[in-house]
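Here is a short report on one protein chain. Keep the sequence and the 3D view open while you read.

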Amino acid sequence: MTEESRFLSFMGMRVHFSVARPEGEIKNRMLFLGSPWITTFQWRKLLPELEQLGCLTVSVDLPGFGLSDCGEQIPQDAGTRANIVWGILDSVDAEMESPMSLWHLTGHGCVCPTILRMANLYPDSTKSMILISPLFSISPEGRSRDYVRRWFHETVFSRQNFSAFMHAYAGYPLDDYILDRMREPMMRHGACESFLRVVSNTLRAPSRGMGFCPTMALWGLRDRWMNEAALSEIRRLLPEAETHVLKSAGHLPMETHSRALRDFLRGWLKFNDQ
């Protein structure tokens with residue numbers, strides 16, 4: 001498997017992504033789009049399995065996070081993000097001389113509204129949606145801009161606080177090298193402003209879901225974000241989705257339960273190839 005790290009510019013803003021190609025024939029194409037804490041690095045445990053299945057994967061750092069440019073002016077609305085990510089996928093398709101290819105769109109956490117918007121924008125290029133720990137809105141209670149800014153600085157700029165938060169977030173302790181890869185991009189100038197804009201946009205739930213599109217949603221039973229309000233939004237927006245609950249997982253199954261996640265992805269790809 002060959003994995004390449006790249007950048008594309010949109011309106012002067014650089015967005016980072018990585019492309020992993022299988023050795024042989026490309027049988028499927030999959031996008032991985034992570035939430036603010038999830039960079040292209042976090043998908044690494046899934047790539048070897050997908051490579052064996054002949055899957056071309058494109059992992060994108062959310063604009064404002066990872067190695068992508070960050071700052072107060074970076075757009076964080078689902079519509080702008082959707083067009084940016086489709087631009088990346090179109091560039092990969094053009095390079096490989098395979099325009100109008102079908103993509104499995106995979107998102108995590110609060111980027112799932114962007115995945116829905118992508119599928120609504122270009123349904124003819126969407127083969128399926130895979131939503132991991134999907135979060136379509138958050139309660140505004142206690143989420144004022146000043147509160148979030150204070151919380152961000154107290155958490156991110158303290159290694160101890162960040163480790164404790166991620167432990168609770170994931171449901172399990174994460175190795176230091178993983179925590180460092182998650183924390184360092186968030187310490188850049190402008191990262192806090194990008195995060196504030198994400199929270200502001202996530203306060204508003206999508207008004208509608210997706211028409212007919214094969215969809216799988218997975219989440220962990222120990223994920224503290226997956227409360228009744230979050231589950232109600234999944235039922236409202238994705239009434240026909242295939243759903244799975246990982247009983248011992250938290251919010252980051254790509255790190256803590258990658259084997260189970262690989263099993264689900266393998267079965268999903270085979271099912272949708274029939």
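## Surface and overall build

How much accessible surface does the chain have, and what share of it belongs to carbon and sulfur atoms? The total is about 12,200 Å². Carbon and sulfur atoms make up 50% of that surface. Bear in mind that this is a predicted model.

The chain holds ten helices and eight strands. Its radius of gyration is 17 Å, close to the 19 Å that the globule rule gives for 274 residues, so the chain is as compact as a globular protein of that length. The C-alpha trace spans about 50 × 40 × 35 Å along its principal axes. Of the 274 residues, 55% count as buried. Take the contacts with a separation of 6 or more: 76% of them come from residues 24 or more positions apart.

## Helix α3 and its cover

Helix α3 runs over residues 112–121 and is mostly covered. Seven of its ten residues are buried. Those buried residues are C112, P113, T114, I115, L116, M118 and A119.

What lies over them? The cover includes strands and helices from several parts of the chain. Among the strands are β3 (28–33), β5 (103–108) and β6 (126–132). The helices include α2 (78–95) and α8 (228–237).

## Where α5 meets α6

Helix α5 covers residues 159–170, and helix α6 covers residues 176–183. The two pack at an angle of about 105°, with their axes 11 Å apart. Angles of 65 to 115 degrees count as roughly perpendicular, so α5 is roughly perpendicular to α6.

Which residues make the contact? From α5 come R159, F162, S163 and M166. From α6 come D176, L179, D180, M182 and R183. By type, the residues of this contact divide into four nonpolar, one polar and four charged.

## M13 in strand β2

M13 sits in strand β2, which spans residues 13–21. Is M13 buried or exposed? Its relative accessible area is 5%. Buried means under 20%, so M13 is buried.

Which residues touch M13, leaving aside neighbours within four places in sequence? M13 is in contact with L8, P63, D69, I74, P75 and I84.

Technical notes: Residues are numbered from 1 along each chain as its sequence is written. This is a predicted model: local features need pLDDT of at least 70, side-chain atom pairs count only at pLDDT 80 or more; totals for chains, interfaces and linings use all residues. Side-chain values use heavy atoms; hydrogens and water are left out. Axes are lines fitted to C-alpha atoms, for helices over the stretch in contact, and angles run from 0 to 180 degrees between N-to-C directions. Helices (H or I, at least four residues) and strands (E, at least two) are DSSP runs, numbered from the N terminus. Angles under 35 degrees count as roughly parallel, over 145 as roughly antiparallel, 65 to 115 as roughly perpendicular and the rest as oblique. Contact means heavy atoms within 4.5 Å. Ala, Val, Leu, Ile, Met, Phe, Trp, Tyr, Cys and Pro count as nonpolar, Asp, Glu, Lys and Arg as charged, and the others, Gly among them, as polar. Buried means under 20% relative accessible area, exposed over 50%, partly exposed in between (1.4 Å probe, protein chains only). The radius of gyration is taken over C-alpha atoms; the globule rule is 2.2 Å times the number of residues to the power 0.38. Accessible areas come from the Shrake-Rupley method with a 1.4 Å probe; for residues, only the protein chains shown count as cover.
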